[in-house]
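Q: I am new to this model. Please take one part of it and walk me through its surroundings, then show me how other parts compare in setting.

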Amino acid sequence: MTSKSAKSCITSEMPRVVVFVVYDGIVLLDLAGPLQVFSRAVDPSTGAFGYECLVASVTGESIETNTVLSIPTVTIASLEEHNIDTLIIVGGDGAIRGMRDAELVGAFGRLASRARRVCSVCSGALILAATGLLDGRRAVTHWDDCAMLAAEFPAVNVEMDPIFIKDGHIWTSAGITAGIDMSLAIAAEDFGRAAAFSVARAMVAQMVRSGGQSQFSPALSRQLRDGAGQFEKLHDWIANNLRRDLTVEVLAAQANMSARNFARVYAKVMGVTPARAVAAMRVEKAQGLLESSQQSVKQIAVSCGFGDEDRMRRAFVGTLGVSPSAYRANFNVP
């Protein structure tokens with residue numbers, strides 16, 4: 001991968017400078033996906049490319065990705081006087097180490113204080129949060145890092161499902177390819193939907209992906225909400241008895257609680273009613289079968305306790321934003 005010099009990338013004619021901040025251990029696609037979007041988006045008012053891109057690190061040396069490729073960079077310090085339109089911190093295995101690296105966090109924070117827009121891709125949200133810029137804001141990261149983001153930075157309002165979130169001038173995106181979704185949305189905001197769609201079409205990417213991150217980690221919400229494991233055994237029992245008529249009374253008996261007290265406590269701890277939780281677990285089971293089996297939708301609906309296809313379809317649309325058929329088309333492995 002080649003990199004332009006700072007002088008060639010920053011010009012008076014092209015003020016929309018996009019700076020990607022990287023460090024050893026980044027996920028290559030966290031950088032390459034958004035970089036491709038911003039490198040090809042055209043400003044319709046001029047017919048020229050709308051962004052100039054730089055890749056920067058603390059040292060200005062080549063950094064190692066999670067692949068065989070390394071990335072040449074310029075120093076972050078060399079950019080501290082430049083007019084930065086969009087600043088992006090990418091994610092990767094090095095993000096946990098990076099959020100505790102005072103030099104990296106400080107350097108990124110100084111650039112962020114001058115940028116019009118500040119973004120993170122995937123686990124880059126951990127480093128962004130370390131600057132304090134996410135305090136009091138809604139944010140998302142890779143589903144596997146949501147719990148860490150919430151635990152390490154309790155002032156951040158972590159959401160688990162969105163593909164990306166815009167809160168003021170701060171944007172955060174979910175796992176890896178979600179950085180492409182976020183970048184397309186930014187290009188659409190800057191230059192219009194047609195300009196962003198042109199890039200998406202060239203990349204054979206969707207402008208708006210159906211469903212959220214919950215498609216990829218159905219149990220994430222449960223695990224985060226039941227931090228003390230109060231209902232862990234109950235959830236295991238439900239997962240093994242989905243075909244049963246799982247009324248509040250049946251669930252309360254399993255939890256050794258009265259029905260009234262169980263319904264109140266469960267809703268307080270889990271943030272959803274027992275009925276909604278059961279529906280979500282049925283969806284989770286159905287997801288696995290849609291992904292890995294050739295059973296019909298009707299057969300899956302029955303085996304997961306929905307009773308019929310229509311009830312399963314309504315549950316899928318309400319929980320994931322997609323129908324069972326659309327989910328199977330996206331995720332089934334023959």
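**A close look at Thr 86**

A: Start with the partners of Thr 86. Leaving aside neighbours within four places in sequence, Thr 86 is in contact with Val 17, Val 18, Val 19, Arg 117 and Cys 119. Contact means heavy atoms within 4.5 Å. This is a predicted model: local features need pLDDT of at least 70, side-chain atom pairs count only at pLDDT 80 or more, and totals for chains, interfaces and linings use all residues. Residues are numbered from 1 along each chain as its sequence is written, and side-chain values use heavy atoms, with hydrogens and water left out.

Thr 86 lies in strand β8, residues 86-89. Strands (E, at least two residues) and helices (H or I, at least four) are DSSP runs, numbered from the N terminus. Thr 86 counts as buried because its relative accessibility is 0%. Buried means under 20% relative accessible area, exposed over 50%, partly exposed in between (1.4 Å probe, protein chains only).

Now turn to Ile 26. This residue sits in the loop between β1 (17-21) and α2. Ile 26 also counts as buried, because its relative accessibility is 0%. Its contacts beyond four places in sequence include Leu 31, Ile 63 and Val 90. The C-alpha atoms of Ile 26 and Gly 124 are separated by 8.9 Å, though the two are 98 residues apart along the chain.

In α7, 11 of the 14 residues are buried, so the helix is largely enclosed by the rest of the structure. Those buried residues pack against several elements, among them α2 (28-40) and β9 (117-120). Just after α7, Gly 192 takes a positive phi of about 100°.
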